[in-house]
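Me: Hi! Could you walk me through this one while I have it open?

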Amino acid sequence: MKFFATLSFGILLLSSSAPAAEPMAIVTTTADIAAIVKAIGGERVAVESIAKGYQDPHFVEAKPSYIRVVNRARMLFNVGLELEVGWLPLLIQGARNPSMMVVDLSTGIAVLEKPTGPVSRAQGDVHPLGNPHYWLDPRNGVIMARRVTQELKALASADGALFDQNLKNFESEIATKRKRWEEQMAPFRGAQLVTYHKEWEYLINWLGLGVVGYVEDKPGIPATPRHLEELVQAMQQKKIKALLASIYTSPNVPKAVADKTGAKLVMLASSVGGEDNIKTYADLFDAIVGKLSAALK
């Protein structure tokens, strides 16, 4: 009896002290995707984002350290729509990780600004597959989270119930906060804005705002003096209150335009981690809506 009691205790001790399964190594191209993967995967994932929240995700250096991260990953989530076309293929090719699954999260997104005709460099940095900044609409964030859940369940089916519950929690949080964000911005529906770059279209579409013009003459191309002069005149005539630019944009030109027109320059984080207080996907819209509503009052 003592022998079996000792044996049972030993088995119980071994089972209780057995190490938990190693978290799955996941790499993402942006901090926004990383935040969503963390929300769904919880402790079952170890997530690393290539682009940081304060960086322009169009332009990321394909460093050897990033290649090592991709080499160790079991799955890679990317924005798609050629946002990362300048650097992601280099990382994947250099990593030599054929077992890694690559997931393009743009599938299922209602993409804005798809070109209807031929695209050339003369038009500037135009994305031939459409505007890739779709994460800046929280409704798309829910679509992204559902896809992330589906893919994580395919990778670790035993944790499917956990992922499903985390998805429900995420959807509930975004639904509750989205109602608050929309109520906060409701007085400004129809307001006209100017933006520096064409990266806020999904946000503007969601909130029912409008765009009078852009500081960039063409996407990715610095503005000419003539273009800026015409923009200033249009802003003065329409009494534009706010000019939006991302925090990674040099403020010199947009500030000069804002100063001439009386508009408020609103420098916004466009990704999680862009500011110290933006740690989750919901935090991103708390910050954006807070700054935008204050500027439009």
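What follows is a chat about the sheets, helices, cores and a few single residues of this model.

Me: Before we start, what am I looking at?

Reply: This is a predicted model, where local features need pLDDT of at least 70 and side-chain atom pairs count only at pLDDT 80 or more, while totals for chains, interfaces and linings use all residues. Residues are numbered from 1 along each chain as its sequence is written, and side-chain values use heavy atoms, with hydrogens and water left out.

Me: Great. In what order do the strands β1 to β4 sit in their sheet?

Reply: The order is β2-β1-β3-β4, in an open sheet of 4 strands with parallel pairing. Strands here are DSSP runs of E with at least two residues, and helices are runs of H or I with at least four, numbered from the N terminus. Two strands count as paired if DSSP finds at least two bridges between them.

Me: Which strands stand at the edges there?

Reply: Those are β2 (45–49) and β4 (101–104); each has a single partner strand, so one side of each is left without a neighbour in the sheet. On average, neighbouring strands of this sheet are turned by 20° against each other, direction ignored.

Me: And how many bridges join β3 to β4?

Reply: There are 4 bridges between β3 (residues 75–78) and β4, and the two run parallel. N78 has D104 in β4 as its bridge partner.

Me: OK, next sheet. What is the order of β5 to β8?

Reply: These 4 strands form an open sheet, ordered β6-β5-β7-β8, with parallel pairing. At the edges are β6 and β8 (264–268), each pairing on one side only. The twist averages 30° from one strand to the next.

Me: Which helices pack on that sheet?

Reply: One of them is α8, which touches β5, β6 and β7 and makes about 150° with the direction of β6. Another is α10, touching β5, β7 and β8, with its direction at about 175° to that of β8. For those angles, axes are lines fitted to C-alpha atoms (for helices, over the stretch in contact), and angles run from 0 to 180 degrees between N-to-C directions.

Me: Let's stay on α8. What span should its 14 residues have?

Reply: Helix α8 (residues 225–238) should span 20 Å at 1.5 Å a residue, and its end C-alpha atoms are 20 Å apart, which agrees. The expected span is 1.5 Å times one less than the number of residues.

Me: Which of its residues are buried?

Reply: In α8 those are H227, L231, V232 and M235. They fall within an arc of 135° seen down the axis, so they line one face of the helix. The arc is taken from the directions from the helix axis to the C-beta atoms. P225, R226 and Q237, on the other side, are exposed. Buried means under 20% relative accessible area, exposed over 50%, and partly exposed in between (1.4 Å probe, protein chains only).

Me: What covers that buried face?

Reply: The cover over the buried residues of α8 includes β5 (192–195), β6 (210–214), β7 (242–246) and α9 (252–261). Just after α8, K239 takes a positive phi of about 55°.

Me: Are there other positive phi values, say at L81: is that residue buried or exposed?

Reply: L81 has a positive phi of about 55° although it is not a glycine, and with a relative accessible area of 8% it is buried. Its place is in the loop between β3 and α4 (88–95). E113 also has a positive phi, of about 60°, but it counts as partly exposed at 36% relative accessibility.

Me: Switching to the core. How many residues does the largest nonpolar one have?

Reply: It has 62 residues, and those with the most contacts inside it are I26, I40, F77, L152, L203 and L284. Helix α10 (residues 281–296) gives the most to this core, with 10 residues. A nonpolar core is a set of buried Ala, Val, Leu, Ile, Met, Phe, Trp, Tyr and Cys residues joined through side-chain atoms within 4.5 Å.

How values were computed. Contact means heavy atoms within 4.5 Å.
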